[in-house]
2 protein chains.
Amino acid sequence: MSEPQFDRLALIGIGLIGSSIARVVRDRNLAKEIIISTRSEATLARAEELKLGDRYCLDAADAVEGADLVILCIPVGANEAVAEAISASLKTGAILTDVGSTKGSVIQQIQPHVPDGVHFIPGHPIAGTEYSGPDAGFSTLFDNRWCILTPVPGVDAVATEKLQSFWQACGSNVDIMDADRHDLVLAIVSHLPHLIAYNIVGTADDLETVTSSEVIKYSASGFRDFTRLAASDPTMWRDVCLNNKDAILEMLARFSEDLSALQRAIRWGDGDTLFDLFTHTRGVRRSIIEAGQETDAPNFGRETGEDQLPAKN
Amino acid sequence: MSEPQFDRLALIGIGLIGSSIARVVRDRNLAKEIIISTRSEATLARAEELKLGDRYCLDAADAVEGADLVILCIPVGANEAVAEAISASLKTGAILTDVGSTKGSVIQQIQPHVPDGVHFIPGHPIAGTEYSGPDAGFSTLFDNRWCILTPVPGVDAVATEKLQSFWQACGSNVDIMDADRHDLVLAIVSHLPHLIAYNIVGTADDLETVTSSEVIKYSASGFRDFTRLAASDPTMWRDVCLNNKDAILEMLARFSEDLSALQRAIRWGDGDTLFDLFTHTRGVRRSIIEAGQETDAPNFGRETGEDQLPAKN
């Protein structure tokens, strides 16, 4: 095992992402010491039970003292207040980063609170599950996933390289791009899919003509796929919507325009248009599987029906 | 093992569903003899290589001769021509059923060709994967899934019971409802989800501002979930759209209305509306898991990144 890359890592927030970082850092010996902070006493106690760190603080400012790597693992809407709170306690030379799903807003909100001599490099590991909290994390979450860094102009290149090498040691491939590009790309690959999933689950649940129990019983015919994304953390996703508004509205407009065309094809019985679209989209999945970002097992490799509870009636 | 329920089963079409029926019937000894027909020589040859049946016919009319159970396992758009072709060869007393995803249209298209003395009982096993063809089937596909039968008024009750018991022996739970209700329910749980999935994959692929390779690399952030449904059989789904038009357009209108409200909440920064919706939808997934229609494993139980190809770069 190689030398630890950092002496003291402070994790602010210990949910799915924070606790996965804690686990992989411990497993692969990437930091000598892990300090964990969250404002919820119950969550902090749980993190301690799970032995995720070496020290535990309710106060984020205490946690970052002396840390040479500080990672904010909190909903993006909470970044500004936390940045303000920890600002005076950050060690000169420390790297400050985050894991938020929006990057333009994070820069706007954190940058003003970064003291001279602290290297602020926003980041976004593109990995997750629909579960939340310190129990949901696991050390292989980042393996073969991508992590995007969006350093602001003028940031120390050595610090960026150090953070890049940290994420690589966590298992990720690292890309560097500017924050605007990140926010545009993520709007289509992540934010729009989540919104659409939340929306269709809401539509189905609101129908007065079809009962909830019918939706549930027959969900294996397609609907259930959407419920996974729609079970994601509500606070995180509210904050994403509020903090990447322009790009999300742009992608929503595109999506709705295309959906209107599809609707028109259905109304007028235009089978060729439907067939062309439905054929074309198959290739996209094949490319994702070939890129190692998806399983080729049928139904995502879900357990088959016979392994599932409850027993047949 | 119990006595076979039927002497001779004729399967017209041997794709994912047809070949899964062939396999479960063989495994559980549900018919003495399996006759397979498909109009594609290559597919028929493959079915024979896979030893899915006892006899193989290119001509559907030949296949149904003497069969006491005939199951049409073809895209719903092909039903009318096949019903016409086999009509004169159906045995008196035979049960004729299908597996199509729309039921009103199937009744309209098949019923006129059903001779007196043949029991036509439309059916729809709610099970599948994104793969197609005779290699894609497996004998446990129907286990703990639902199969809906939509018998027309006046059909023989004993025949309906016999078909119900056949599907139960295949592993399914069986519900009986009228065709209109089926078509409405399936429009929301299956047809709309597929359309939305096809649409978003199309939107992402058409963007001139984000490249395909970006969409593919970062797809684990949400997008890849949709690509599974959008990889489903294009012919089948074109036919579904053309044959359940009214119910699909109704559900599309609901979905778009709700999406506009969501869009408005984003535009105006209405975090409470977003948070309420995103919280509410979590419960729906929990109910589906509790009903045994979904796995509770994170990410559908997909293999983790480290098991996936290609190796990290």
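I start with a term: a residue is buried when its relative accessible area is under 20%. I also keep in mind that this is a predicted model.

**Entry 1: strand β4 of chain A**

I looked up β4(A), residues 69-72, to see which of its faces are covered. Both are. Leu69(A) and Ile71(A) are buried on one side. Val70(A) and Leu72(A) are buried on the other.

Next I looked for the partners of β4(A). Strand β1 of chain A, residues 6-12, pairs with β4(A) in the parallel sense over four bridges. Here Ile12(A) stands opposite Leu72(A). Strand β5 of chain A, residues 95-98, also pairs with β4(A), in the parallel sense and over four bridges. In β5(A), I found Thr97(A) as the bridge partner of Ile71(A).

**Entry 2: a sheet of three strands**

I then turned to an open sheet in chain A. Its order is β7-β8-β9, and the pairing is mixed. Which strands stand at the edges? They are β7 (123-126) and β9 (173-176) of chain A. Each has a single partner strand, so one side of each is left without a neighbour in the sheet. On average, neighbouring strands here are turned by 20° against each other, direction ignored.

I checked one pairing in detail. Strand β8 of chain A, residues 146-149, runs parallel to β9(A), with four bridges between them. Leu149(A) has Ile176(A) as its bridge partner in β9(A).

**Entry 3: Ile17 of chain A**

I picked Ile17(A), which lies in helix α1 of chain A, residues 16-28. Is Ile17(A) buried or exposed? Its relative accessible area is 16%, so Ile17(A) is buried.

I listed its contacts, leaving aside neighbours within four places in sequence. They are Val99(A), Pro125(A), Ala127(A), Leu141(A) and Phe142(A). I also noted Gly128(A), which is 111 residues away from Ile17(A) along the chain. The C-alpha atoms of these two residues are separated by 7.2 Å.

**Entry 4: aromatic rings**

I count 13 aromatic pairs over all chains. One of them joins Phe142(A) and Trp167(A). The ring centres are 5.2 Å apart and the planes stand at 80°, so the pair is edge-to-face.

Where do the two residues sit? Phe142(A) is in the loop between β7 and β8 of chain A, and Trp167(A) is in helix α6 of chain A, residues 157-169. The pair therefore ties together parts that are 25 residues apart in sequence. Phe142(A) is buried, at 0% relative accessibility. Trp167(A) is buried too, at 0%.

In chain B I looked at Phe166(B) and Trp167(B). Their ring centres are 5.7 Å apart and their planes are at 75°, so this pair is edge-to-face. Phe166(B) has a relative accessible area of 0% and is buried. Trp167(B) is buried at 0% as well.

**Entry 5: the cores**

The largest nonpolar core has 87 residues. Which residues have the most contacts inside it? They are Ile196, Phe226 and Phe255 of chain A and Ile196, Phe226 and Phe255 of chain B. Helix α7 of chain A, residues 179-206, gives the largest share of this core, 14 residues.

In chain A, it is in contact with Leu192(A) and Ile196(A). In chain B, it is in contact with Ile196(B), Asn199(B), Ile200(B), Thr203(B), Phe255(B) and Leu259(B).

**Entry 6: helix α10 of chain A**

Helix α10 of chain A spans residues 234-243. Its buried residues are Pro234(A), Trp237(A), Asp239(A), Val240(A), Cys241(A) and Asn243(A). I asked what covers them. The cover includes α5 (104-110), α7 and α11 (245-267) of chain A. From chain B it includes α11 (245-267) and α12 (271-290).

**Entry 7: two copies**

Last, I compared the chains. Chain A can be laid on chain B by a turn of 180° and a shift of 0.0 Å along the axis, with an RMSD of 0.0 Å. The two copies are thus related as by a two-fold rotation axis. The same surface serves both copies, as 100% of the contact residues of chain A recur in chain B.

Conventions. Residues numbered from 1 in each chain as written. Chains lettered and ligands numbered in written order. Predicted model: local features only at pLDDT ≥ 70, side-chain atom pairs only at ≥ 80, totals over all residues. Heavy atoms only, no water. Core = buried A, V, L, I, M, F, W, Y, C linked by side-chain atoms within 4.5 Å. Buried < 20%, exposed > 50% of the residue type's maximum accessible area, 1.4 Å probe, protein only. Contact = heavy atoms within 4.5 Å. Least-squares fit on C-alpha atoms with pLDDT ≥ 70 in both. Pairing = 2+ DSSP bridges. Axes fitted to C-alpha atoms, helices over the stretch in contact; angles between N-to-C directions. Phe/Tyr/Trp six-rings, centres within 6.5 Å; stacked < 30°, edge-to-face > 60°.
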